[in-house]
Amino acid sequence: MRSGKDRLWPWQLALLAVMLLLWHGLTAREILPSFFFGRPLLVWAVLRQWFASGLIYPHLGVTLLETLLAFVCGTLLGILAGMWLGLSPRLARLLDPYVKAVNAMPRVVLAPIFAMWFGLGVGSKVALGITLVFFGVFFNVLQGIREVSPVVLANARLLGASRAQLLRHVYWPAATSWVFSSLHTSVGMAFVGAVVGEYLGSARGVGYLILQAEGVFDINAVIAGIVVLTVCALLLDALVTRVERRLLVWRPTPASTTLAEPR
Amino acid sequence: MVREVDLTLGEGEFLCVVGPTGCGKSTLLNLVAGLLSPSAGTVLIDDEPLTGIHPAVGYLFQADALLPWRDALENVALGLRFRGVPRQEAEAEAHAWLQRVGLAGAARRYPHQLSGGMKKRVALAQVLAVNPRILLMDEPLAALDVQTRAQMENQLLRLWAQDRRSVIFITHDLEEAIALGDRVIVMSAGPSSRPVGSHVIDLPRPREVEEIRMTPRFLELQREIWRQLRREVHAGQDGAGGWPA
């Protein structure tokens with residue numbers, strides 16, 4: 001698998017170069033109107049100017065702060081609620097229709113309400129991000145708790161585990177392992193919450209930058225904002241992958257099931 | 001599921017239970033383990049009625065029961081940790097047990113990095129580490145291949161001979177029951193199953209399972225018990241369950 005990847009990346013880079021060249025050629029000859037489609041060199045100029053002048057940093061910092069807060073709070077709340085409902089099936093059955101209803105609701109429409117409640121600052125974006133992150137984690141944890149193997153559970157009880165020890169050694173790891181499987185989505189959701197929140201009303205953040213640029217029909221700055229967000233999302237995702245590898249060593253991966261070597 | 005069960009497990013006795021599938025062998029074991037409570041009657045341990053899980057009872061399951069997020073050493077130390085033994089002490093003890101089952105080198109492997117036989121040995125070390133006086137085993141070796149199984153049977157006998165805990169060993173394999181046990185109980189066919197025969201196995205110990213299987217006394221015992229078992233199997237096939245092919 002690794003060798004295949006090694007051979008692929010030059011082609012992937014070449015593909016990017018071809019697409020950029022195509023974009024450049026089409027917009028330079030105005031086959032595609034550059035007013036609507038921007039021009040790669042001008043986008044690059046905007047990016048350079050943003051980073052050189054340092055203008056981007058406070059905006060990026062705010063967006064990342066919102067992402068982080070939404071991710072941490074949403075994940076913690078999701079784990080707690082998931083474990084609670086997972087361990088009290090009666091309560092889970094009672095709340096089931098409400099949980100389904102809230103999950104089915106397109107929660108982005110809550111953004112204006114949060115803006116009214118928490119103002120145009122960081123708070124309203126974090127709140128939106130939390131509602132997006134919470135449900136993914138919540139359902140995963142609930143599932144994780146319900147799917148704890150009854151044999152593993154009986155074995156732990158027979159080895160003398162108290163209720164608290166069962167929670168700590170069996171339920172908690174089962175729940176958190178499912179959290180990690182949804183980590184990529186959770187970070188993505190927190191990021192979406194931050195950017196959409198900013199886009200709908202704010203005074204700072206990368207979403208705000210894009211909104212400003214749109215207001216003056218500066219398509220190159222809009223695209224530059226999107227590029228910054230995309231790169232950030234990719235970096236966050238890579239970070240998550242590293243954390244995941246470190247924390248889930250116990251878990252079989254397709255590559256490691258065949259070789260039984262300890263790390 | 002089971003009824004009219006009147007069994008007494010002697011101190012240090014290796015008791016094997018065989019019977020057609022669906023005859024409630026596992027139910028019986030879960031009752032003794034305190035995982036189920038009987039709808040009628042009682043389970044006595046040291047003449048005390050059993051209420052819930054008893055600390056002197058260990059249970060080796062057929063299915064994988066190791067915590068997948070703990071490595072072999074931590075899994076073996078688990079019972080001791082649950083009982084309040086400090087980590088270092090528990091892990092030293094666990095290491096000794098891993099050595100006894102021949103897995104000292106695999107201490108830091110996670111269950112998914114172990115083979116089926118290795119997992120069973122870790123599970124055995126895990127249950128023995130808490131030093132149970134009564135050891136319950138529910139077809140623990142059924143999922144293993146023939147060679148690994150014979151190897152495990154011998155290892156089990158050697159470990160058992162060191163301290164002679166009382167054992168209830170459930171199996172659907174009559175040969176295994178005779179090779180391991182001091183006594184073999186035959187259960188009747190379900191749905192309301194009960195023990196119908198008790199056979200003392202007077203084979204000498206220590207035993208090597210592959211060799212003992214060839215001895216005339218073994219074959220004689222096997223014929224004798226099989227005659228009874230076959231009746232139950234046929235009854236079972238007419239009724240609910242059936243004997244696996």
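Reader: Before anything else, where do domain bounds come from?
Author: Domain bounds come from an automatic or database domain assignment. This is a predicted model, where local features need pLDDT of at least 70, side-chain atom pairs count only at pLDDT 80 or more, and totals for chains, interfaces and linings use all residues. Residues are numbered from 1 along each chain as its sequence is written, and chains are lettered from A and ligands numbered from 1 in the order in which they are written.
Reader: OK. Which domains does chain A get?
Author: Chain A has domain 1 (20–54) and domain 2 (58–249). Their centres, taken over C-alpha atoms, are 34 Å apart.
Reader: How many residues does each domain give to the contact?
Author: Domain 1 of chain A gives 9 residues and domain 2 of chain A gives 6 residues. Two residues are in contact if their C-beta atoms, placed from the backbone, lie within 7 Å.
Reader: Which elements of domain 1 of chain A give two or more residues?
Author: Helix 2 (34–37) and helix 3 (40–53) of chain A. Helix 3 of chain A has the largest share, 5 residues. Helices (H or I, at least four residues) and strands (E, at least two) are DSSP runs, numbered from the N terminus.
Reader: New topic. What is the strand order in the chain B sheet?
Author: The order is 4-5-6-1-7-8, in an open sheet of 6 strands with mixed pairing. Two strands pair if DSSP finds at least two bridges between them.
Reader: Why is one side of strand 4 and of strand 8 left without a neighbour?
Author: Strand 4 (57–60) and strand 8 (195–200) of chain B are at the edges, so each has a single partner strand.
Reader: In which sense do strand 1 and strand 7 of chain B pair?
Author: Parallel, over 4 bridges, between residues 14–18 and residues 183–187 of chain B. In this pairing, B:C16 stands opposite B:V184.
Reader: Which strands does helix 4 of chain B touch?
Author: Helix 4 (residues 116–129) touches strand 4 and strand 5 (134–138) of chain B. The directions of helix 4 and strand 4 of chain B make about 175 degrees. Axes are lines fitted to C-alpha atoms, for helices over the stretch in contact, and angles run from 0 to 180 degrees between N-to-C directions.
Reader: Last one. How many residues do chain B and chain A give to their contact?
Author: Chain B gives 22 residues and chain A gives 20 residues. On the chain B side, helix 2 (72–82) and strand 4 each give two or more. Helix 2 of chain B has the largest share, 3 residues.
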